[in-house]
Amino acid sequence: MTATWSGLRSGFAAATALTMTTALPVFAETTITAVMHSGLRVLDPVITTAHITRDNAFMIFDTLVAMDADFVVQPQMASFEVSEDGLTYSFALRDGLMFHDGAPVTPADCIASIKRWMQRDGGGQMIKARMESLEATGDMSFELKLSEPFPYTLEAMAKPSGLALFMMPERLAATPANEPIPEMIGSGPFKFVQDEFQPGVKVVYEKFDDYVPAEGPQSWFSGAKEVKVDRVEWVTMPDAQTSLNALMNGEIDFLEQVPVDLLPLLEGMPGLQTDVLSPLGNVTIGRMNFIHPPFDNPMIRQAAKLALSQEDVLTALIGNPDYFDVCGAIFGCGTPFEFSDGSESLTSGGDIEAARALLDEAGYDGTPIVLMQPTDVVTLTAQPIVAAQALREAGFNVDMQPMDWQTLVTRRASQADPAEGGWNIFFTNWIVPEVSNPLANIMLPGRGDAAWFGWPQDEEINGLLDQFAAASELADQQAVAQQIQAHVMENVNYIHLGQYYNPSAWSESLTGIEEAPFPVFWGVEKEG
């Protein structure tokens, strides 16, 4: 396995030297080689919420505003002011902003990017529903005017995940929101190297020399994104043992996800560090398709929920209970909106007998359940297997279809009949900040075709989200959040399967690795 990996490295850049009649210093190109949680195929960060697509986008694109480690919105590409009545948001672009093709960033680029994002993101849709105008007010400024206050506006624009708001050139942002953009041209700290991109295999980024970092200290996704290496290369290694061997042999520098059962192989090994870089952790969930039988029937969704056990899923997924929490709170345990209403069956081991009885009462006719099973991402392989077994025990006819994660990411966007290339259920993971409040949680809005994959039509939850958006006091927000928790469990908008924590590992030649919800490569130096 290691020999095969060494062969892959034959194409990696090593060092470049300048040879002239007068001797000049020899400069070695500094490259960080990383194995991320998945290969990358889908590039457009608006048409999918796939985490690897988001991670790729943060390398290439920048954001107007950004969330720091204290969950405070900070200026990033633009400063901002909010009018006293909460209706007008004024943005002023900072000097020196330039796209990778040499064009300056303009208000027109930002306006087009915001409008495209509004079509797909739940928070963006709520802003759009209140928007009176979005227009330039000068060569370096623009203004968003609302018809009624929406206090979550800046937080929605700054959130780092779900669908983050990235600024693109106007010509790219003009692409319909259901079609992929044709180029990866941003104004972020790294440039995407198209000629070296091998979908699902390898991604290469080069330092953008004309990037002007924002002021202020680096904190999560805000502040100075200073690039301190020449290149970053992401290579795909679906086999966990192969990636560990590559790290231990010095063939890669960074491994995003280390299976907990293999962690003892790395702990205490000279030259390596391990840690959980995202202390808030992740949640894992199951999402059903609301537009096709049988999960268009809420009783059958309830039966599926009754069949599943968080502890069974988390034990298979993580193993070591030190790295997972049985947690019934859809907004995450340890957050201000930690409520567990309606989660009793999930947190107490499931109830197969009750699931079987409810399935019979609902008149389930044996319609096959197409369960998409990713086979190449270590944090997504256990859930389908455990769920399939539990659902079969409850009486479901499960058709588990294996595929790689990027194929699943593409297929889940299809509304085709499950028997004709569609699907009924899949499982995925979120970082806790993505789901930690009702307006950040992209799985909640029930806007039919405009909703996240699964496409629920749910006017009750839409009304609750509006109530949450209108609440200005934490106590009032918590009261609404508790109602949302109960509704999600009753309606089964999705199945919340608990919270877990992923360790990462890296070479001690890297310094500047930051605690963050997902890896960032600005601010990281490499010695030797």
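Predicted model: local features only at pLDDT ≥ 70, side-chain atom pairs only at ≥ 80, totals over all residues.
Figure 1. Asp458 is placed in the loop that runs between helix H14 (432–435) and helix H15 (459–470). The residue is buried, yet no salt bridge is formed by Asp458. Arg301 is the nearest side chain of opposite charge, and it is 6.9 Å away; a salt bridge would require a side-chain nitrogen of Lys or Arg within 4 Å of a carboxyl oxygen. The side chain of Asp458 is instead joined to that of Asn493 by a polar contact of 3.1 Å. When neighbours within four places in sequence are left aside, the residues in contact with Asp458 are Gly446, His487, Asn491 and Asn493.

Figure 2. Helix H7 comprises residues 240–248.

**Figure 3. The stacked rings of Phe91 and Phe142.** The structure holds 26 aromatic pairs. In the pair shown here, the ring centres of Phe91 and Phe142 are 5.1 Å apart and the planes meet at 20 degrees; the pair is therefore stacked, since planes under 30 degrees apart count as such. Phe91 belongs to strand E5 (residues 88–93) and Phe142 to strand E7 (residues 141–146), so that the pair links distant parts of the chain, 51 residues apart. Phe91 is buried, with a relative accessible area of 1%, and Phe142 is buried with a value of 0%.

**Figure 4. The tilted rings of Trp220 and Phe221.** The ring centres of Trp220 and Phe221 lie 6.0 Å apart. Their planes stand at 55 degrees, so the pair is classed as tilted. Trp220 counts as buried at 8% relative accessibility, and Phe221 likewise counts as buried, at 1%.

**Figure 5. A cluster of aromatic rings.** Ring pairs connect Phe190, Phe192, Phe197 and Tyr205 with Trp234, Phe254, Trp506 and Phe521 in a cluster.

**Figure 6. Positively charged side chains over aromatic rings.** Arg54 lies over the face of Phe518, at 3.6 Å from the ring centre. In a second example, the charged end of Lys225 is positioned over the ring of Trp522, 4.6 Å from its centre.

How values were computed:
Residues numbered from 1 in each chain as written. Heavy atoms only, no water. Phe/Tyr/Trp six-rings, centres within 6.5 Å; stacked < 30°, edge-to-face > 60°. Helix = DSSP H or I, 4+ residues; strand = E, 2+ residues; numbered from the N terminus. Buried < 20%, exposed > 50% of the residue type's maximum accessible area, 1.4 Å probe, protein only. Lys NZ or Arg CZ within 6 Å of the ring centre and 35° of its normal. Polar contact = N/O pair within 3.5 Å; in protein donor to acceptor, adjacent residues only side chain to side chain. Contact = heavy atoms within 4.5 Å.
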